[in-house]
Amino acid sequence: MPLKPPPLRNDCFALPPGVDWTPVDAALSMLRQRLSPVVAREDVPLGDGVGRVLADDIVARRSNPPEANTAVDGYGFAAGAVGEGDVVLPLVEGRSAAGAPFSGRVPGGAAVRVLTGAALPEGVDTVVLDEDCAVGEGEVAFRGPVKRGANTRKVGEDVAEGVTALSAGRVLTPADLALAAAVGHGALPVFSRLRVGVLSTGDEVVEPGRTAAPGQIFDANRPMLLSMAARFGYEAIDLGHVRDDRNALRARLDGAVGAVDAILTSGGASAGDEDHVSALLRETGALAEWRIALKPGRPLALGMWQGVPVFGLPGNPVAAFVCMLVFARPAMGLLAGAGWQAPVGFDVPAAFTKRKKPGRREYLRARIREGRAEVFASEGSGRVSGLSWAEGLVELEDGGRDIEPGDLVRFIPYGSFGL
Ligand code: AMP
Ligand code: MG
């Protein structure tokens, strides 16, 4: 009889038996408990604040709006002096414009010209819109009743002086800068940027664009991880590439200490002969091999190198990408002072069919088309093209599931991860 390979086992893609696989949520809550900020604080001009992490609460120094004002161009008066039906009021001399308020008092039963943003003069609590008025010589006519306070903005109706406008730990957005400016701040207390070193490992890995011999592959992870760190608002520091050589790796890590606050490596993180990242971290006694029930993902080696946290990401680009988003990003957020950053996902109908096994969380490369989540044709974790094709991830919870088109699945856009 000709020799045949053994038949494929039904469980060939199942998780190894007898191993304690940590669920993703348990792994995340451990990170959440154990990590804290490692960054200093500094003040930056307001205009430089975007993407930075706020180090203290921002308290409103001034109300917004700082005084009652008019929301429209029109005529202001005291509502109490106006009844129902047609109203004709005498106009006082002058007007109130934004930045050039009317100085006097408007007597009850009279009206004054007001322009959008102008402070309401004394005696005015209500404004009628230009379009609802007829204006004659020294008087204005409109139809009552007009609700007291119409077309005006109250002092502090947006933000009252003394309240916390922005909380420490917030990653500042352009809208936050507008808010901080509106309530009187010209500079902001922020944490210094987290410095994130990125290192690639592997004898087969060569610099993109160089000539590659057979058996070699271009370093796809380093440009990806560096730019992800930069998108998260961190200072991304290129630690280059090292071969599968423990001494070279040791020297490179030693050289990074002092220049970085965290290190991301890719490759060499499992338990194989050439897996020097995990071996080296184990030597120092500071390795934790995280066997996380996650696809794509395993293995993830977490350790400390002379006080610097090292995230040993998998070598496969897809797994490195997913582990970066799911684990390294929230972990680095804590180191950076930003608190816990959970991505926001949306339940959308699936455009695909999938039978998912229980026992691990899965992330599929996905994008939304016509309101439905499409997933990339292959789940292979070397398929870099799928990462680029996708616009987010579909997150499938740890339990088993048979997904049919139209079933709701959780889609997390790349943007929700800060990309
Ligand atoms: P490793 O985790 O070192 O066993 O690597 C797993 C797979 O990822 C192998 O196929 C490696 O060739 C590949 N890989 C490792 N590092 C990189 C990298 N920087 N860019 C692209 N692929 C990589
Ligand atoms: Mg390797």
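Residues are numbered from 1 along each chain as its sequence is written, and side-chain values use heavy atoms, without hydrogens or water. In this predicted model, local features need pLDDT of at least 70, and side-chain atom pairs count only at pLDDT 80 or more.

The shell around ligand 1 holds 15 residues (one heavy atom within 4 Å). Glu-204, Asp-219, Ala-220, Gly-268 and Gly-315 come nearest. A nitrogen atom of ligand 1 is 3.0 Å from a polar backbone atom of Ala-220. Oxygen atoms of the ligand lie 2.9 Å from a backbone N or O atom of Gly-268 and 3.1 Å from a polar backbone atom of Asn-316. The protein covers 74% of the 490 Å² of accessible area that ligand 1 has on its own (Shrake-Rupley method, 1.4 Å probe).

The model has 4 aromatic pairs (ring centres within 6.5 Å; planes under 30 degrees apart are stacked, over 60 edge-to-face, the rest tilted). The rings of Phe-321 and Tyr-414 have centres 5.3 Å apart and planes at 65°, so this pair is edge-to-face. Phe-321 lies in helix α6 and Tyr-414 in the segment after β29, 93 residues apart. Both residues are buried (under 20% relative accessible area; exposed is over 50%, partly exposed in between; 1.4 Å probe, protein chains only).

Phe-376 and Trp-389 form a tilted pair, because their planes stand at 50°, with centres 5.4 Å apart. Phe-376 is buried at 17% relative accessible area. Trp-389, at 23%, is partly exposed.

Methods: Chains are lettered from A and ligands numbered from 1 in the order in which they are written. A polar contact is a pair of N or O atoms within 3.5 Å; within protein, one must be able to donate a hydrogen and the other to accept it, and residues adjacent in sequence count only if both atoms are side-chain atoms. Rings of Phe, Tyr and Trp (its six-membered ring) pair if their centres lie within 6.5 Å; planes under 30 degrees apart count as stacked, over 60 as edge-to-face and the rest as tilted. Helices (H or I, at least four residues) and strands (E, at least two) are DSSP runs, numbered from the N terminus.
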